[in-house]
Amino acid sequence: MKGTIIKHVRGIYYVNTEAGIITCKARGLFREIDISPIVGDKVEIRISEEDNSGYIEKVYPRSSRMIRPQVANVDMALIVFSLINPDINTYLLDKYLIMTEYLNIDSCILFTKEDITDNEKVKKYKDIYENSGYKVFVTGIDNDLNEIEEMLRGKITALAGPSGVGKTSLINRLIPTLDLETSAISTKTRRGRHTTRHVELIPIDNDTYILDTPGFSVLDLDFIEDESGLAGSFREFRKFNSQCQFNNCKHINEPKCGIKDNLGTEIEQSRYDSYLQFCEEINENRRY
């Protein structure tokens, strides 16, 4: 029987099949071939005639794999950040975008809490990321979700972003019957408390799934080896690489750099600032 892993908790895999959701364990052979089934995997399972237990027999090849969180076969990532409470962290947002670009997973951005955010602030950040090549949605408590629902249809979409920005609240609005647990922002740290404790694929309809994932406040760049891999993960940099004088241009101190020449016009200053910070982080990681 074939199915899709929708949840994994303490060694138990929940597999969605035509016969319903079946709890399974992974066979020991996966340890021998160094494969660990993860949420999103398309699998083949066997039902034991002795005790009706399910066992995962085969994991089919993956079309994609996210590292943080561990998710397979994701079609798209919806990067969710609030504009206020907690305030937007563009450094962290850009890290999420780099991760999805590096993994060749399409992504778009959702800014939440529009109803309590200054209009100029909404426009500022919407413009920055639309100019950088991303589809940007903005929502508040009273906005309809029709455009977002249309964008999700027929896909496995991973919600990513820090805690407290409204990912779980978004899912509750999309699927009111779920009534997932949410948590208030900590008044001391101004950060959200983690309410999602495991990775779970949630069906919206027959061919549409959302992955509700634990929030992260820190992402390492250990999946990028050098600045060339980093620059290629900035969408807006790509069309100007050919304008650089040197093929191995790092876009920092080199003369006649296509990236720096378009800074402030085609390339947003805040995005370039993130690039410089990431370069420092990568070089720092190399020392260790």
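**Group meeting talk: a helix, a tyrosine and some rings**

Let's start with helix H5: Lys167, Thr168, Leu170, Ile171, Asn172 and Leu174 are buried there, and buried means under 20% relative accessible area with a 1.4 Å probe and protein chains only, while exposed is over 50% and partly exposed is in between. Before I go on, this is a predicted model, where local features need pLDDT of at least 70, side-chain atom pairs count only at pLDDT 80 or more, and totals for chains, interfaces and linings use all residues. Residues are numbered from 1 along each chain as its sequence is written, and side-chain values use heavy atoms, with hydrogens and water left out.

Back to H5, which runs over residues 167-174 and has six of its eight residues buried. Helices here are DSSP runs of H or I with at least four residues, strands are runs of E with at least two, and both are numbered from the N terminus. What covers those buried residues? The cover includes strands S8 (76-82), S9 (106-112), S11 (156-160), S12 (200-205) and S13 (208-212), along with helix H4 (146-152).

Now, strand S13 is where you find Tyr209. Is Tyr209 buried or exposed? Its relative accessible area is 11%, so Tyr209 is buried. Contact means heavy atoms within 4.5 Å. Setting aside neighbours within four places in sequence, Tyr209 is in contact with Asn16, Lys155, Ile156, Thr157, Leu201, Ile202, Pro203 and Ile204. With Asn16 there is also a side-chain polar contact of 3.3 Å; that term means a pair of N or O atoms within 3.5 Å, and within protein one must be able to donate a hydrogen and the other to accept it, with residues adjacent in sequence counting only if both atoms are side-chain atoms. And Ile6, 203 residues away along the chain, has its C-alpha atom 9.2 Å from that of Tyr209.

On to the rings. Rings of Phe, Tyr and Trp (its six-membered ring) pair if their centres lie within 6.5 Å; planes under 30 degrees apart are stacked, over 60 edge-to-face, and the rest tilted. How many aromatic pairs does that rule give? The count is eight. Take Tyr91 and Phe278: their centres are 5.1 Å apart and their planes at 45°, so this pair is tilted. Tyr91 is in helix H2 (residues 90-102) and Phe278 in helix H8 (residues 269-286), so the pair ties together parts 187 residues apart in sequence. Phe278 is buried at 0% relative accessibility, whereas Tyr91 is partly exposed at 25%.
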